Amino acid sequence: MAAGERPDEPLAELSHYVVARPIYSEAGFQEENERRPPPPPTLRERAQAACRCSRKRAFQITKSFLPILEWLPNYRVKEWLISDIISGVSTGLVATLQGLAYALLVAVPVGYGLYSAFFPILTYFFLGTSRHISVGPFPVVSLMVGSVVLSMAPDDNFLIDGSNATGTNGTEALIDTAARDAQRVLIASTLTFLVGILQVVFGVLQIGFIVRYLADPLVGGFTTAAAFQVFVSQLKIVLNVSTKNYNGVLSIIYTLIETFQRIGTTNVADLIAGLITIVVCMVVKEINDRFKHKIRIPIPIEVIVTIIATGISYAADLEGKYNAGIVKSIPRGFLPPEPPDVSLFSQMIASSFSIAIVAYAIAVSVGKVYATKYDYAIDGNQEFLAFGISNIFSGAFSCFVATTALSRTAVQESTGGKTQVAGIISAGIVLIAIVALGKLLEPLQKSVLAAVVIANLKGMFMQVFDVPRLWRQNKVDAMIWVFTCVASIILGLDLGLLAGLLFGLLTVVLRIQFPSWGGFGNIPGTDIYKKVKDYKNVIEPEGVKILRFSSPIFYANIDGLKSSLKSTVGFDAVRVYNKRLKALRKIQKLIKKGKLKATKNGIISEPGINNEAFTTDEEPEDNEDLQVPTKEVEIQVDWNSELPVKVNIPKVPIHSLIFDFGAVTFLDVVAVRSIKTIIREFERIDVRVYFASYQDNLISQLERSAFFDDTVRKDMFFLTVHDAVLYIRKRMTYSDKQDPIFEKISLMQESKEPIEFTETSRPDDQLDVQEEAMRRLAS
C-alpha cells in the first residue's frame, strides 16, 4: 500500500458501522433495563427547596435583583473608562435631540422628552442586565403612547370661546393649550406608571417567555407599520399643516386625506427646513455606516443640524417673519414628582398591556443582539423588573414610557461603550440640557425635530426588503409579516399587534392540525426509513405499511390522522369489516337454501342449481329462517380472492401496520381513545398494529390513560421502526396463517338460527368524544 493511501484506511473503517442487539419491544426493553421513573417531588420537598436560605443563596438573589453588584466590581477602569466617557457624551447628545423629537409623537410639550431621556437611565443602571442598550424613548412606543393620549385628551375637549380670548375676531373657537398640555402630560405619566406596574408583575411571575410569541416576522411587520404611522404623524409637522387628531381604525388614512386636502396651507419655511434636515441626516448616516471602520466616532449629525437650524431660526426670526412653528418654551430644571391619576387606569389598561409587551420585546431583542456579540447573558425576567421599576419611577416625574432606541444603542456601542457607565454619562449630558441649555433650543423649528424622527426611520422602512427573502424561505412567515403590517396600518398599532399575534398563533394551530405525513419505506441494507414518494430506492416491506404523523395528536387533528391512515393503507378498515359481514350473511342464506354447499375446499354451487348469490349488492336482504340443516365443515375464506357472492369487498393487501410516532410529543384523551379504536378496527380484519420510535413520555401518558389491556399490550410498541419490521418478519415466518372468520363459518354451518352480525362502525364504548356528543344531540 502506498504511503499516501494509509490515512484513508481508518476513514474507510469509520464510514460504516455494524450493531448487533436484540429486537426490542417496549416491554422487553423495560424488563431488561429495569425502568425506574423518578418519583415526582412532593409538595413538602418543593416548599423546602424554594424556602431554603443560606448566606450564599441570599447573596445570589441580591445579585440577580441588582446586576450592578455583578459587573461593577469587575469594572476595568483603565481599559473601559475613557471609552465609556466618549460613548456617553456621543449618546447623550443624540438622546437629547431624540427626546425632544419623540415628545412630538406623544403629543406633549417637547421639554418632557428630555425628562424621558434622563430618569429611566438612573434606575436601569442598577437593575438592568444589558451593558450596551441606551434606555429612553423609542418612536414606535412613543407613537403608541401618543395614540392613547390623543384618544383620551383630544383638542375638542379644550375648546374655548373666541369672544373671551384676546387677539381674535370674536368668532373663532380657540384651544386652551395650557389645560390640554397639562392633561396630556398627566395621561402620559399615568400610562407610564401603569405600564411599569404591569412589567413588574410580569417579572415577579417569571413570564418573560411571553415575548417568544412575538416572532421576528411579526415584530418586523409591526415595526414597519409603526414606522409608516410615525412618518404620517410627522409629515403634517414638517408641512406645518393643522389636522384633526384621528385615532382607531383607518385613522392613518383619514390623517393622510386631510393633510393633502390642506396641503395648500403648507408653511414653506418649515417645509424647506424639514426637507434639508431629512436629506442631510440620511446622507451623513449613510456615510457613517459605510465608513464605520474608518470613522471611530460617528458624526453626530442630528446635533449639528439642530444647532445650525436653531441659529438660523433665531437670526432670521422665522417665527415672526414666516410664521414658522417653533418649540417656543422648554421648562428649565425639574418638576416636582406627582402621583398618577388612578381613576384613569380603567380606560388605558388594554393599551398599557400591549405597550408593556412591545416596549419589553424591543429592548430585549436589541439587548440580546449585543449580548450575543460580546458573550454575556440577558435575564428576561430581570429585564421586566428593570424596565418596570424604571417606568414607575419615571412616571412620577412626568415622563412617558421608556424602552431602547436602535439608532441610539448603535451609537453607544459603536463609539466604544462597554457598560452602563456610558449610559449614566449620557444621562449627565441630558441633565445639562435640562438645567442649562433648554432655553437656547426654544427658537428651534418643530419641523426640524420631525425631520430628525423621519430620518431615523430608514432602518425600519428597509425591513420591507425582508419580505421577498422570507417568501423564498418560508411563505407562512412572509404572510405573518404582511398581515401584521397591513393590520397595524389599517386597525392601529394596538389592534394591529393583537391581530398579528392571533394570526401567527392561527398559523401554528393550522400547521399542527394539518401536519406533514406519509408512508415510509426501507432503504435496502440499512435500518433507515424514508418517505416512499421522496426517494427512488425506498422499498416498502411486503405486507407492511408504515405511517409517520409529524405532529402532536389531539382532538383537532385526530380526523387528519384517520384520513392519512386511509390514504396510506388504501382502504377503510370499518368498510372492509362491514362488507365481510354482508358477504357472510349472503353465504349463510344461500347455504340454508341449498344454493351453495360448504366443503373443505371452499364454498361451491350445487350442480344444476342457479347461483342466486350473484345478485346486485343493493338487493334487500331477507332475514327469513328456512330451517335448512347443515353440518359442520371446516372451510376457510380467502377474502382477497373471488367470492361466490356478489359483494364488492375491498382487498386488504397488508397484514401489519406500523405507526411511526417519532414526531408525536403528546396525546390527549380523545387521541388515546381514537387510537385504541383504530387498533380494534384493524385487528378484526386480521391486520396487526404496532407503534415505533415513540418518546418515553408517551408511554407514561398512555399508562395514566388506561390505554393498555389484554388486547393492547406493550409488546406492540418498539423502540425503532426497524425493530418493528424485523419482529413482523419473524412472526410471519413462524406463525400459522389463520383467518379470524373461520369460527364464524363453522358456527354458521351448525346453527339453524341466523347469526347476529352488527354492521356498525364502532361499539358505543369505542366512539370518540365528538361522535358521542353528536349521538347525545340526536337523542
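Is Phe708 buried, partly exposed or exposed? In this predicted model, local features require pLDDT of at least 70 and side-chain atom pairs count only at pLDDT 80 or more, whereas totals for chains, interfaces and linings use all residues. Residues are numbered from 1 along each chain as its sequence is written, and side-chain values use heavy atoms, with hydrogens and water left out.

Phe708 is partly exposed, with a relative accessible area of 21%, whereas Phe707 is buried at 1% (buried, under 20%; exposed, over 50%; partly exposed, in between; 1.4 Å probe, protein chains only). The structure holds 34 aromatic pairs, defined for rings of Phe, Tyr and Trp (its six-membered ring) by centres within 6.5 Å, with planes under 30 degrees apart counted as stacked, over 60 as edge-to-face and the rest as tilted. The rings of Phe707 and Phe708 form an edge-to-face pair, because their centres lie 5.4 Å apart and their planes stand at 85°. Ring pairs also join Tyr112, Tyr115, Phe118, Phe119, Phe334, Phe393 and Phe397 into a cluster.

The charged end of Lys714 sits over the ring of Phe708, 5.7 Å from its centre; the criterion is NZ of Lys or CZ of Arg within 6 Å of the ring centre and within 35 degrees of the ring normal. The charged end of Arg131 is likewise placed over the ring of Tyr376, at 4.5 Å from its centre.
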